[in-house]
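Biologist: I have a chain to understand and a few questions. Can you put it on the screen so that we can go through it together?

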Amino acid sequence: MTYKIAVLAGDGIGPEIVAQARKVIDAVAEKFNHQFDYTEALIGASAIDAVGNPYPDETHELCMNSDAVLFGAIGDPKYDNDPNAKVRPEQGLLKMRQKLGLYANLRPLEPFKSLLHKSPLKTELLEGVDFLCIRELTGGIYFGRPQGRSEDGNTAFDSCVYTKEEVERIVRLGFEFAGKRRKKLTVVDKANVLATSRLWREIAQKMEPEYPEIEVEYMFVDNAAMQIITWPKRFDVMVTENMFGDILTDEASVISGSLGMLPSASIGVHTSVFEPIHGSYPQVAGQNIANPCATVLSAAMMLDHAFGMKKEALIREAVDKALEAGVVTEDIADGKKAYSTSEVGDWLANYIKNV
Ligand code: IPM
Ligand code: MN
């Protein structure tokens, strides 16, 4: 069987890091005799530049007709400081998530031993940390309407909206994942202030009796932000709404030593998307120095979640060995020799082929 992978490299460092993930997938294919078929398509600023639309219909068609999507990054500073820009690269990502029904974003946090010293947090706080943040991805304040400006321009508004169905399916996923792990679920909300959070809490509480083996705790998001860096070991599975999840996982990335190390999987109704949690890092685009590990590890999640291949453990092992061997990009090189993006990709692919 041939697995069809849609490749949306996007902007900035996207093409460079996705190229390394492909090398690694190809190495897995060679070693284990799998067939992967890649088709590239446009998204983000590069799609705006080419066809005026950050998520063109052809890209959506391709995603719908693929077995998985490998995604790089989007964003371009030329749009960031233009308050009048009508289309923005980020709309491409949001549209893709919405049209593919990707309501859950899985962000695992399991630091590599050889990187513990890179984190600004104390090593003893980090040893044994292994938690999964499940971020709701197609609702809340990112998508709620109305959103906009008053006619005189002096007032702006966003709306945080959640329906019972949206909350139920993501919270259920939280219980299910907790059941497969250490059986602890933390529901993060701001139920002391927000109506949507009170709905989340009500729904989670109603679901509790269906999962008697799971220990559930409810935590306000401000407290969660503090607990993530003062006692990250306490978490197993965390489930939260879209914007809280966005913010908390960037914060939690300090646990792994670099934002360049964190993968994610976006799953839901249609084809799943595998994407690093970092952005397009336009400052170094094209310089072959960006860390490809988050994308490589996202490819590992793709093999596991989309194709049921447990060989992904080997990719994580390869990354671990590269870190130990000091074959790393400058963000984690610690002042020692830094390898280029493609050198790291080559090393990982070789490791997999020869191990
Ligand atoms: C992420 C990013 C996106 C988000 C941006 C680029 C729209 O920060 O995937 O975490 O906020 O979801
Ligand atoms: Mn983010």
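Biologist: Which residues in α7 meet α8, and which residues of α8 do they meet?

Modeller: Keep in mind that this model is predicted. Residues count as in contact when their C-beta atoms lie within 7 Å. On the α8 side, that gives Leu199, Trp200, Ile203, Ala204 and Met207. On the α7 side, the residues are Lys164, Val167, Glu168, Val171, Arg172 and Phe175.

Biologist: How many residues of the contact of α7 with α8 are nonpolar, polar and charged?

Modeller: Lys164, Glu168 and Arg172 of α7 are in this contact. Lys, Glu and Arg count as charged. The contact divides into 3 charged, no polar and 8 nonpolar.

Biologist: At what angle do α7 and α8 pack?

Modeller: Two numbers describe a packed pair of helices: the angle between the axes and the distance between the axes. Here α7 covers residues 164-180 and α8 covers residues 195-207. Their axes are 9 Å apart, and the angle is about 50 degrees.

Biologist: What does that angle make α7 relative to α8?

Modeller: The angle is about 50 degrees. Roughly parallel needs under 35 degrees, and roughly perpendicular runs from 65 to 115. The crossing of the two helices is right-handed. The angle makes α7, relative to α8, oblique.

Biologist: Now α11 and α12. Are they roughly parallel or roughly antiparallel to each other?

Modeller: Helix α11 spans residues 293-306, and helix α12 spans residues 312-325. Their axes come within 8 Å and cross at roughly 165 degrees. Angles over 145 count as roughly antiparallel. The two helices are therefore roughly antiparallel.

Biologist: Is the crossing of α11 and α12 left-handed or right-handed?

Modeller: The contact includes Val296, Leu297 and Leu303 of α11, along with Ile315 and Val319 of α12. Its residues divide into 9 nonpolar, no polar and 3 charged. The crossing is left-handed.

Biologist: Where is the cis peptide bond that involves Pro146?

Modeller: Pro146 sits in the loop between β5 and β6. Omega of the bond is about 10 degrees. The bond joins Pro146 to Arg145.

Biologist: Is Tyr281 buried or exposed?

Modeller: Tyr281 lies in the loop between β12 and α11. Its phi is positive, about 40 degrees, although it is not a glycine. A residue is buried with 20 or more other C-beta atoms within 10 Å. Tyr281 has 22 such neighbours, so it counts as buried.

Biologist: And Asn33: buried or exposed?

Modeller: Asn33 is found in the loop between α1 and β2. Its phi is also a positive value, near 65 degrees. The cut-off for exposed is 12 or fewer. With 7 other C-beta atoms within 10 Å, Asn33 is exposed.

Biologist: How far apart are the C-alpha atoms of Asn350 and Ala318?

Modeller: Asn350 belongs to helix α13. It is partly exposed, with 13 other C-beta atoms within 10 Å. Along the chain, Asn350 and Ala318 are 32 residues apart. Their C-alpha atoms are separated by 9.2 Å.

Biologist: Last one, on the whole chain. What is its radius of gyration?

Modeller: The chain holds 13 helices and 12 strands. For 355 residues, the globule rule gives 20 Å. The chain comes close to that, so it is as compact as a globular protein of that length. Its radius of gyration is 20 Å.

Note on methods. Residues are numbered from 1 along each chain as its sequence is written. Chains are lettered from A and ligands numbered from 1 in the order in which they are written. This is a predicted model: local features need pLDDT of at least 70, side-chain atom pairs count only at pLDDT 80 or more; totals for chains, interfaces and linings use all residues. Axes are lines fitted to C-alpha atoms, for helices over the stretch in contact, and angles run from 0 to 180 degrees between N-to-C directions. Helices (H or I, at least four residues) and strands (E, at least two) are DSSP runs, numbered from the N terminus. A crossing is left-handed if the near helix is turned anticlockwise from the far one by less than a right angle, and right-handed if clockwise. Two residues are in contact if their C-beta atoms, placed from the backbone, lie within 7 Å. The radius of gyration is taken over C-alpha atoms; the globule rule is 2.2 Å times the number of residues to the power 0.38.
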